[in-house]
Amino acid sequence: MSASSDAQTAPRPLRLAEVEAIPVLGQDSIVCGFHLVDYIWKDIFENLKAASTYVLITDTNLLALYVEKYKEAFATAWQHHRPSVTAPRLLIYTLQPGETSKSRATKGAIEDWMLEQKCTRDTMVLALGGGVIGDLVGFVAATFMRGVPFVQIPTSLLAMVDSSIGGKTAVDTPAGKNLIGAFWQPQRIFMDMAVLSTLPEREFSNGMAEVVKTAAIWSPEEFEVLESRADDIRTAVLEGQKDGGSAGLTKATRTVAQGLLLRVIAASARVKAHVVTHDERELGMRGLLNFGHTIGHAIEAILSPQVLHGECVAVGCVLEAEVARRMGHLGEVSVKRLARCLAAYGLPTAMDDPIIRRRAGDAKLAEVRPARLMQVMGVDKKNIGTQKRLVLLKRLGQTLEMKPTNVDDAIIEATMSDGMRVGPVAAEAVSAAATLETVVVPPGSKSISNRALQLAALGQGECRIKNLLHSDDTQVMLAALQAMDGCSFRWEDDGDTLVVVGGGGQLRVADQELYLGNAGTASRFLTTTVNLIDASEGSTVVTGNARMRQRPAGPLVDALRTNGCVIEYCEREGSLPLRITHTGRGFPGGHIQLAASVSSQYVSSILLCAPYAQEAVRLELVGGKVISQPYIDMTIAMMEQFGCHVERVAENEYVIPRGAYSNPAEYVVESDASSATYPLAFAAITGTQCTVPSIGSSSLQGDARFAVEVLRPMGCTVEQTATTTTVRGPARGGLQALDEIDMEPMTDAFLTAAVLAAVAAAAPNCTTRIRGIANQHVKECDRIEAMCTELAKFGVATENHADGIDVHAQQISKLNSETPTVHCYDDHRVAMSLSLLACVAPGGAVIEERRCVGKTWPQWWDVLARDLGAPTIGADTGATPAEVAPGSTTQAHDMSVVLIGMRGVGKTTLGQAAARELGLEFVDLDDLLERDVGQTIPEIINRSGWPTFREHETRVLAGALSGELSRGAIIACGGGVVESETNRTLLKAYTGPVICLTPNMEHVAEYLSHDKLRPAYAITSDIHDVYGRRLPLYAESCDYEYLVDKSLLGHDGAEQPGAWALIERDFIRLVHFSTGSNLNRVDMQRPSKFVSLTSPNVRDYLPARLPALTAGAQAVELRVDLLLETPEFAAADLADNKTGTEFVSHVHRQFTLLRHSSRLPVIFTVRTQPQGGRFPVDAVELRLRLLHNAVQWGSEYVDVEVDDHAAQIYSARRNSLVIASFHDPIGARLRWNAGEDEFALEMLGRARACGDIAKLISTARNWEDNSACHAFVQRHHSPATPLIALNMGYIGQMSRVLCPCLTPITHSLLSVASAPGQISAKQINEARALIGLLPAQRFYLFGTPIQQSPSPAMHNAAFAALGMPHSYELKETSTVDALEPVLAAENFGGASVTIPHKQAIIPLLDCLTPAAERIGAVNTIIPVVEGVQRQLVGDNTDYLGIVGCLRQAQFECSAPSFTASTALVIGAGGTSRAALYALHTLGVRCVLIFNRTEARAQELADEFAPLFEKLSTVTQLEDAAASAPAYIIGTIPASDIYLPEALFSGVGVALDMAYKPRWTPLLEAASRRKWAVVHGVAVLIEQGIHQLEKWTHSVAPAKYMGDAVHSKYNMDF
Ligand SMILES: NC(=O)c1ccc[n+]([C@@H]2O[C@H](COP(=O)([O-])OP(=O)(O)OC[C@H]3O[C@@H](n4cnc5c(N)ncnc54)[C@H](O)[C@@H]3O)[C@@H](O)[C@H]2O)c1
């Protein structure tokens, strides 16, 4: 690692760069330039204090690129400096790149190495690299021998403009980034911009976020350069490579672009240096540099490391600018410019930006909820107490204050929210506002903005355009006009005014094609404009994006061509791109015929350019009815305003003399009339007054008539001048319906009218009929349909017509008093109009997708709240209740799941099973490849070899992961897919789940020895070697891992028959989990418990004890630390890598065994000794590895101790939830009483920062600690931010009774409790019943005859075993009417339903589960309470009883798999429906039905046919025998049907639903043929278990229930 150098020959001359210096802290320490290497050493040797040793620390990326150069230059520079003296030492130390190197451990390693190298105090340390190297190496320098000199050579853009300047040095710790460090100023900072050419593109963008941010707070001029020269700046980065890598060494060789790059970076660095100089220790002004960082950091805390710092800051900048806009400090134009500028450097600008979505993945992104961000922001260093502080912009280049400003939480949260809760506006506020004059200026009209721009550009002189709408059209048009030198422009008043200096129609050929994106108006207007170029050679291409290239341009091009312009279509006839050739004739003019039935914009395009034609223009519109005449009139009127007169000589003929526009000094763009309807309607609906000063009676926009033609007749006072409109609404509730109104001239305003009509109930006849708006069925959405749907949510009735809508008004007081959630269909007009109704509706409303207003009026919510005074707060509409829980993630359900793993492990079988269950397509990548190549894999390998095969594989994989197959499929890859690095990269980059199936290699070897279809592994490589090699490759490529081991459940490695069914079931569970389609989480809305397993081997609980001891629980905890107590590991050295790996495999097997034995979610806990567990506290790496594995294995919960490595696990947790726990075994620190709870609050804060669920466990010292704990819980727990808090110890038991969620419990079957004072589920329930927290409920059996039913015995036994105070009784009745009062009773807990009511009961219920719906019968009623509402849900557990019993039987007797078997159902009554649904659930594909009356069987077959591949009837059971059914279900009472022996061939299972007598003829016959049998009573018990679980939301005490039934059964039958 060391290199010293002696010169042997004359040194080469030094190549000294010309540099610029930037002062910082009073010294010229920052040096910028290109190709600085020689300069750096010379400067160090000559100008800095000499050192005996120079230590250059860098990372491996830079080592490869630059270190040799530095070594060579070091020697050369020394030879020039002191040829006669031996050179000092140059030592090189290299680190792995990336944030993980910025740790205490790496710092220690560097220091140890430096000590070993005998570095003394006269050592100089140089940091060559990005911010990571700079921060870390700076900290080493700061503390080595109490501080040694230090030089920064930043190589990333971020390091140049930010991290290298200011002397902040730091390392990360598990508790957070940059928490340990020092201020240590570098002696020099050398910025060599030539090295940026090797910086990855994404890192360049990452740094640009800081550059744009700095300009935004500091310098309007720099900001303008950044926004207008993005492309040049990007290309400049590469120019360091020009001229063999010397371009820019001297000023003379610097390219223009390099000069620009240097300027931009130096400017940014200068700001940082200035701020640092004035506030070195970050006491005041330095806070300004945090613009965008407050929100940015919060986003980063969730999305790092997938999303980079700069990317998060970019989004933060835009959101913080929106906060400033919301508070009235910053204009919308500035917000837009800022966003555009960031986007130009490849940065994201919104949370839903595709860049973020791609990098973070949907699951992670779903975690970025406003509440969560607020929570993270709550712990920002910059806050003062709880007051948040943001840097607010006043304009681009200037902040509101020279420090961060206090901002209310509500404003920040609303800005980050995707929804908005609006209203109602209080009546007092209305009366106050009614006396005030509210003035609102809606954004400029788009059509007028576009025309004004074109006119001013062609005109002569300067024109200040105000209220211009900034849209893509205006943006693109400005850029194009400028590219043709057609005009120049600048912004004034922070972008409120655009000053255009017209070019008088003089245009030149642009250097490049004119790219117009999807800006339709711009493309039409410019198509004619380009012809005004009077060059006699060259051509101009006008093009756009893919959508634009579809849009028609034909009629306009035809007219211009006929007129003599030379235009050709470059691609498709009739559309852009166009090539316009310049002939020197310009735009000829004269008589032009134009087909104007497609777009009025063609007409306007010719009209606007006509005065500059070579001859006066006579424009004749032909080809049918002219469309949108008002827009043509608007163009003509505006031309007049700019001094050119158009004469309409006939209906469709216009004459335009030659001339030139003369620009008015100021032009105020009229507001968009459709937008203006909203503030005016606000006044109307709330009874206030509002003035729009930018639209009046002279307006040419159709919607400008709204005030006079709609609001006035509805009872408003309307005053209008030529340019202003003022509306005062009648007293609230005083609007009158309009009988019928034709809104054809103002169709876009119909939504506003419909909202007013909804409350226009002043007069008795209160229906408003709006007509003439047929086009609104096909706008952004079907707006008429949308209004009908959304108004209904407020309680307003409507009718949808082909050309209109009827609105039946409702009194305001009678509108829905709840808060409806309005869906906006991504349509700005739906959002804005309905937000007005929310202003008066008693409960207001939540408007979803609030950002859709951005299309025309991004500031609408600001205006509504700030100017109109409506109460608005952010609403998190993106989160479903389940998602509200922090950390909950929903991966896109439809992202395909990719399976990898050794050949023979079961990818196909398991993949197909999961695909069937989840309704996905199963795709075998090898099949795909064979089809694609047209050869079998052995053929490809034999003919072209393995490398060719792998190439095909990569291509097919890449196609599958990015194309259509990336959604809705399960994709099984070949075993060797991970052998190629490209494939591994593809898999790692894929955002859907990649699951690796981990084999028991013995089974795989055995299986493969029979597989002759696939090419063998190379002769030299044993399959075990292959696996050994691939193991780490699989591990790095997958997100989840699933262990496939058939011997797990058997003893001594023997396979357990039927194990495969469980493997399949639990694999499907993992697929559900990994896609987020079923996360199997505990419901936090109700109390829950988990049982903690204390035995060192899960097997000790199997088969029977596990179900018994989990009864009453909602989750089960695997205490991994206790697994260490097995003899195998009791004395093991966990620091030994091999032992560690063996323990991990052991835990994996235990975990999988637990999965196979319980459906409950698992809590994976590795409790350390200081926290009351068994795991050695120093085995950190192994513990971390286990916790990461828990996430990979799909454990629903992972318990991580706070203060530890929690943050690491938390950020890597995927769909698992982290329980961040802290235990105080003494009870001295965690105290709960308010006032004494400072430590508890701190721990709670820390737990919440690194966990989804906080768990704080103290120890009770006296009984009062329990009430204090309960009060603490009540202060800090909510279902969205759950808190487990309790006291250990005997005195603390009551705190367990009161714990709100996930209370740890023990069971009498467990030999020891896992913690002192732990009690059982039964004890907790009994205590809760005693203290009134678990009121007794009554459950029933409805039916007749039912006196013999064992159900009461079964359920009452269960309630008793669980300690629940409930009772179950018979309710015998022959009609369901008698049941209504029972169902309505407050203490009704649920019911079983039997014959004859299974169908008759349905009308009394509120809804059915999908199963009950499909079966068409209900056997279970469950009351579901949400808030104050109770719904009666009808379910069916009969089928679950059949499913459970058949699975168990198959497991025990190894009957053939369900998917490969035929089943026979005997009977076609109600029960057979449940039987068919059960068979469908099990995956059976072929079913026969036999019934005495065949017609009924056929009816049933017809109805259920869609569920099966084959469903047919048989007339005789002999016929069924031919299909050899392996499963037979009897559903008719035991009878004397003849059962031919041939029916029971092979191995099979017979199940009879009849349970009297125990042995039915079907079961007897089956048993004679050695089939497995399932008695009806077993099904009865199994369905009862499901019933009880649905009622109690916990595991049923199955054994107690079974025993109760059997004892009654034995007595009665
Ligand atoms: N001290 C401060 O004031 C301050 C300010 C901001 C950020 N930071 C810190 O800076 C770090 C981030 O810095 P970063 O963005 O530079 O990340 P980084 O140091 O990880 O560099 C990014 C990547 O680019 C590579 N790289 C750097 N320069 C290169 C070049 N010229 N050619 C090829 N590859 C190159 C690196 O090897 C690395 O892989 C964070 O740790 C952050 O906390 C510190």
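Trainee: At what angle do helix α15 and helix α16 pack, and how far apart are their axes?

Mentor: Please note that this is a predicted model. Two packed helices are described by the angle between their axes and by the distance between those axes. Here, helix α15 (residues 370-377) packs against helix α16 (residues 409-416) at an angle of about 135 degrees, and the axes are 9 Å apart. The crossing of α15 past α16 is right-handed.

Trainee: Which residues of α15 and α16 meet?

Mentor: From α15, Pro 370, Ala 371, Leu 373, Met 374 and Met 377 take part; they meet Asp 409, Ile 412, Glu 413 and Met 416 of α16. By class, this contact has seven nonpolar residues, two charged and no polar ones.

Trainee: How do helix α49 and helix α57 pack?

Mentor: Helix α49 (residues 1351-1362) and helix α57 (residues 1576-1592) have axes 10 Å apart, at an angle of about 45 degrees. α49 is therefore oblique to α57, and α49 passes α57 in a right-handed crossing. Among the residues that make the contact are Phe 1359 of α49 and Trp 1591 of α57. The contact divides into eight nonpolar, five polar and no charged residues.

Trainee: Is Asp 162 buried or exposed?

Mentor: Asp 162, in helix α5 (residues 157-163), has a relative accessible area of 16%. Buried means under 20%, so Asp 162 is buried. The unreviewed UniProt entry includes Asp 162 in its "binding site" annotation.

How values were computed. Residues are numbered from 1 along each chain as its sequence is written. This is a predicted model: local features need pLDDT of at least 70, side-chain atom pairs count only at pLDDT 80 or more; totals for chains, interfaces and linings use all residues. Side-chain values use heavy atoms; hydrogens and water are left out. UniProt positions are given in the numbering used here, feature names are shortened, and annotations may be inferred rather than shown by experiment. Helices (H or I, at least four residues) and strands (E, at least two) are DSSP runs, numbered from the N terminus. Buried means under 20% relative accessible area, exposed over 50%, partly exposed in between (1.4 Å probe, protein chains only). Axes are lines fitted to C-alpha atoms, for helices over the stretch in contact, and angles run from 0 to 180 degrees between N-to-C directions. A crossing is left-handed if the near helix is turned anticlockwise from the far one by less than a right angle, and right-handed if clockwise. Contact means heavy atoms within 4.5 Å. Ala, Val, Leu, Ile, Met, Phe, Trp, Tyr, Cys and Pro count as nonpolar, Asp, Glu, Lys and Arg as charged, and the others, Gly among them, as polar. Angles under 35 degrees count as roughly parallel, over 145 as roughly antiparallel, 65 to 115 as roughly perpendicular and the rest as oblique.
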